[in-house]
Amino acid sequence: MSTGTGTSPFTWARLEGLRCAELEDAADGWGRASNRAGEARHRIERQLVAGLRETQSGEAADAAVARLKRLVGNFQYIHTECGLVRTTLNSFAYELAGAQRDLRAALVESAALGFTVRPDGSVSYPAAGEQPAGGAPLPGGTVAGNGFPERFGLGEAPAFAAPNPHAAPARDIADRVVRAVRLAVAIDERYTAILRRLRAPEGLAVPDTVWTDAAGDAETVRDAAYGYLERGIPEDGSPAERKAWWEHLTREQREEYLAVYPDRIGNLDGIPALVRDSANRDNLRLLIGELAGRDDETARTRLAGLREIERQLDEGGQPPMYLLGIGNEGNGRAIVSFGDPDTARNVSAYVPGLGTSLDEEFAKSDLKRARDLAIGTQGHDHSSAAITWLGYDAPQILEDGGVLGSLAVMGDSRAEKGGAAYREFMSGLSVTNENDDPHMTAIGHSYGSRTVGAAAGHVGGIPGVDDIVLVGSPGVGVDRAEDLGVGKEHVFVGAAEHDPVTRTPSKRSVAAAAAASFAGPVASYIAGDLADRGDDDLWFGRDPASRAFGARRFHVADGPRLVGADGFSVSAHSQYFDPERDSVSADSIALIAAGRADKVRMEEPR
């Protein structure tokens with residue numbers, strides 16, 4: 001029988017008798033190997049490496065840690081590749097079972113009609129009907145899978161003869177048999193190629209080039225496993241629905257999703273933090289491998305940021321880090337928590353603003369803000385976690401082909417889109433947190449405050465959020481604190497006297513004062529409030545620090561002047577979270593995040 005390849009010995013009888021369960025058993029074996037490698041990796045990281053760092057120091061200890069980290073990388077690679085083989089085999093069995101079902105349905109119908117499927121796939125049918133002139137029934141015949149008769153009884157049926165009523169259904173069954181076998185052959189060839197690709201190179205080292213190959217392997221298996229796994233991920237569901245979906249999966253199903261789709265599971269709001277952290281650590285290595293295989297400025301910049309995040313994760317400091325999101329889309333994505341947000345009674349999530357992207361500066365400075373906040377908050381309540389949330393494309397200072405002062409910072413679109421993503425993230429935290437009524441705080445800095453405002457401006461505010469902190473804000477998109485969904489007494493504002501962003505002139509005053517092409521927020525960074533003295537409107541609405549806005553303003557240091565003895569400086573805009581440069585502001589934010597706002601030192605609004 002022809003299968004369309006001309007060389008395959010695959011027959012319908014072989015397809016019918018195929019035991020797909022044997023492929024699934026083999027997949028289970030690869031799954032066990034993947035799990036053992038993953039467990040070994042975690043034991044080395046959490047026990048051996050952590051123990052050495054706590055008890056030993058010096059060159060010998062550092063060398064031992066380096067060797068153990070190399071072993072961790074080896075086990076991580078084994079875990080990843082064995083997991084991919086497992087899913088490949090399961091997906092192979094899943095697709096072959098579909099072809100087998102199609103074939104068996106055709107065979108059952110053939111038997112019910114009294115037909116015979118021959119070894120070559122053609123179908124014989126009995127005599128039936130009547131000759132045009134009466135008399136004996138029309139002779140039976142045999143049809144091949146191409147839909148044309150090979151012979152009718154003792155010879156070719158004349159053109160004027162009425163067809164045997166069995167001929168058409170026999171032809172349909174023969175076609176279905178051929179299609180099922182051809183499909184099985186195509187599946188076999190495709191998965192054979194994938195499995196041949198999933199081979200580890202020789203040697204014990206797992207350099208970036210190997211992870212670059214692993215990233216390609218993962219992409220190939222993802223494409224192949226679409227029907228088997230991907231369609232099951234409830235990406236359009238609510239965080240609560242996603243949490244329920246994950247809880248109802250078997251252990252084996254969870255392991256497969258984590259092996260093949262760490263990027264999807266790790267960034268899915270509603271999935272528990274420990275699961276997201278595990279998935280994103282695997283995806284981090286794949287992203288590093290993918291970017292290491294490129295040679296462009298964006299890849300190099302982003303790679304530096306990813307490597308710094310990896311370094312901090314490997315360092316294993318306190319509070320412990322949880323990687324809740326990582327991705328390469330847009331300007332890059334990274335969501336990092338210091339402290340477990342699912343067990344902490346107090347959870348805060350800080351949104352950075354203008355100029356933030358996934359690079360080394362972000363990985364050092366913005367993650368430090370969350371780490372400092374976590375340490376400060378835990379000083380007031382040990383059950384606390386603090387998050388840096390880069391889940392949107394913040395406007396860049398140099399963007400749109402290198403034009404100074406991206407037009408994006410002048411508009412609301414990125415804040416609105418980011419606000420929707422932030423709402424969903426916070427909703428996910430609220431459904432995975434194990435406490436009955438956790439205290440949650442949304443924090444926005446600079447353009448990030450506009451993003452928080454966009455999230456809070458929806459009906460019902462930000463899911464689960466009790467308090468909102470706005471620092472260095474150019475406005476939040478609403479004119480009253482009470483419009484942010486938590487009650488005006490739960491909206492807190494920090495505005496340094498010399499922070500130029502908190503003096504951003506309003507659109508109306510800019511339009512009246514200047515028609516220059518760079519008028520807007522960029523001009524405000526240079527000119528401060530010179531264009532609009534005494535007005536309580538900023539670029540994105542009323543000044544959150546003003547009396548008319550109605551929020552509670554807490555005390556912060558004035559910060560250095562925009563133009564001083566040392567020249568031009570916007571440092572006053574970046575020190576709100578720094579316990580060394582502005583301890584009062586940093587501690588105030590920590591107190592609010594810990595639910596102790598009654599202890600915060602307040603000051604008069606503008």
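How many bridges join β5 to β6, and do these strands run parallel or antiparallel? The two strands are joined by 6 bridges and run antiparallel. The model is predicted: local features require pLDDT of at least 70 and side-chain atom pairs count only at pLDDT 80 or more, while totals for chains, interfaces and linings use all residues. Residues are numbered from 1 along each chain as its sequence is written, and side-chain values use heavy atoms, with hydrogens and water left out.

The protein chain contains 16 helices and 18 strands, taken as DSSP runs numbered from the N terminus (helices H or I, at least four residues; strands E, at least two). Of its 606 residues, 52% count as buried, that is, under 20% relative accessible area with a 1.4 Å probe, protein chains only. Among contacts in the protein chain with a separation of 6 or more, 74% are between residues 24 or more positions apart; contact means heavy atoms within 4.5 Å.

Even so placed, β5 is mostly covered, with 7 of its 7 residues buried. Within its pairing with β6, Leu323 has Val336 as its bridge partner. The two strands form a hairpin with 5 residues between them, and Gly330 in the turn has a positive phi of about 55°.

Elsewhere in the sheet, β7 (residues 346-351) and β11 (residues 439-445) run parallel and are joined by 6 bridges. Here Tyr350 has Ile443 of β11 as its bridge partner. Axes are lines fitted to C-alpha atoms, for helices over the stretch in contact, and angles run from 0 to 180 degrees between N-to-C directions.

Helix α11 (residues 360-378) packs with helix α16 (residues 583-593) at an angle of about 65°, their axes 8 Å apart. Leu373, Gly376 and Thr377 in α11 meet Ile589, Ala590 and Ala593 in α16. The residues of this contact divide into 4 nonpolar, 2 polar and no charged, where Ala, Val, Leu, Ile, Met, Phe, Trp, Tyr, Cys and Pro count as nonpolar, Asp, Glu, Lys and Arg as charged, and the others, Gly among them, as polar.

Note on methods:
Pairing = 2+ DSSP bridges. Buried < 20%, exposed > 50% of the residue type's maximum accessible area, 1.4 Å probe, protein only.
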